[in-house]
Each structure stands twice: as C-alpha cells, then as structure tokens.
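Below are my notes on the model you sent.

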Amino acid sequence: VQLQASGGGLVQPGESLRLSCAASGSIFSINAMGWYRQAPGKQRELVAIITSGGITNYADSVKGRFTISRDNAKNTVYLQMNSLKREDTAVYYCIADVQYSSGSSYLRYWGQGTQVTVSS
C-alpha cells in the first residue's frame, strides 16, 4: 500500500491550501483516513481524521478553519485549509487504516509528507 500526498506549498497568512492523499495497492477496505503534522522541534500531532462513514475529528487549533473529506471510490482524503496561520507551518502526513483482505487486521500506513509553509 502506498499513500501519495500532494498540495503543499508556500502561502501567506490568511490564504488557503488543499492537500490530497491517494491510497493505492492491495486494498480491500479503508477505515480511517487523516492528517498529522510535525513542526520543527515539535512532536507529530493529529490534525484531522475521518472514518469511512464520514465521522470527523479535528485538533482544537484547526477547528473552523480546516475541513477534512474523502472520496471512498478513489481511496483519497482531502484537507481544505483556510485562514492559514504561521503556526500551521509543518510537514503534513496523511494516514490510512487499511485492510488488505476480508478478515485481516487494519494496518496504519503513512504518506511521505508534504511541506506547508505559511509566511509573509
């Protein structure tokens, strides 16, 4: 299973970015998909997560500004980031909890990370 993330970049405070992450490979089903981030000198933290049924959870720091969504047919998760702040600067990693066959356990896979820099 591979996760390919895209959409990072350099933006000014107040601007928007949309991250995408597509899962491919031996996939029977995917439960949760989501995004973590890690800023320099800080621990990796959960940003947002969404279940296969559409239940979402967000870090308090991004509530009201970020929206997570997914396209189950494309095994893809998105993160719409609005009103970006300097403190959102980090490497963003996507995750997917993947079942590769019926009855197998779900395993968490990580994407390679995409840099988001918010700076004027």
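1. Burial and surface. Of the 120 residues in the chain, 42% are buried, where buried means under 20% relative accessible area, exposed over 50%, and partly exposed in between (1.4 Å probe, protein chains only).

2. Basis of the values. This is a predicted model, in which local features need pLDDT of at least 70 and side-chain atom pairs count only at pLDDT 80 or more, while totals for chains, interfaces and linings use all residues. Residues are numbered from 1 along each chain as its sequence is written, and side-chain values use heavy atoms, with hydrogens and water left out.

3. Overall dimensions. The radius of gyration of the chain is 14 Å, which agrees with the value near 14 Å for a compact globule of 120 residues. This radius is taken over C-alpha atoms, and the globule rule is 2.2 Å times the number of residues to the power 0.38. Along its principal axes the C-alpha trace spans about 50 × 25 × 25 Å. Of the contacts in the chain with a separation of 6 or more, 56% come from residues 24 or more positions apart; a contact means heavy atoms within 4.5 Å.

4. Secondary structure. The chain has zero helices and 11 strands. Helices (H or I, at least four residues) and strands (E, at least two) are DSSP runs, numbered from the N terminus.

5. Strands E4 and E5. E4 pairs with strand E5 (residues 45-50) in the antiparallel sense over five bridges; two strands pair if DSSP finds at least two bridges between them. Gly 34 has Ile 49 in E5 as its bridge partner. Six residues lie between E4 and E5 in this hairpin, and Gly 41 in the turn has a positive phi of about 80°.

6. Strands E5 and E6. Here the pairing is again antiparallel, over three bridges. Ile 49 is bridged to Asn 57 in E6. The hairpin of E5 and E6 has five residues between the strands, and Gly 54 takes a positive phi near 95°.

7. How many salt bridges does the structure hold? There are five, a salt bridge being a side-chain nitrogen of Lys or Arg within 4 Å of a carboxyl oxygen of Asp or Glu. One of them joins Asp 88 and Arg 37 at 3.0 Å, N to O. This pair links distant parts of the chain, 51 residues apart: Asp 88 is in the loop between strand E8 (76-81) and strand E9 (90-99), and Arg 37 is in strand E4 (residues 29-38). Both Asp 88 and Arg 37 are buried.

8. The link to Arg 65. Asp 88 also forms a salt bridge with Arg 65, with the closest N and O atoms 2.8 Å apart. Arg 65 is in the loop between strand E6 (56-58) and strand E7 (66-71), 23 residues from Asp 88. Asp 88 counts as buried because its relative accessibility is 1%, and Arg 65 is buried at 10%. Salt bridges that share partners join Arg 37, Glu 45, Arg 65 and Asp 88 into one network.

9. Asp 60 and Lys 63. These residues form a salt bridge with the closest N and O atoms 3.1 Å apart. Are the two partners buried or exposed? Asp 60 counts as exposed, at 64% relative accessibility, while Lys 63 is partly exposed, at 48%.
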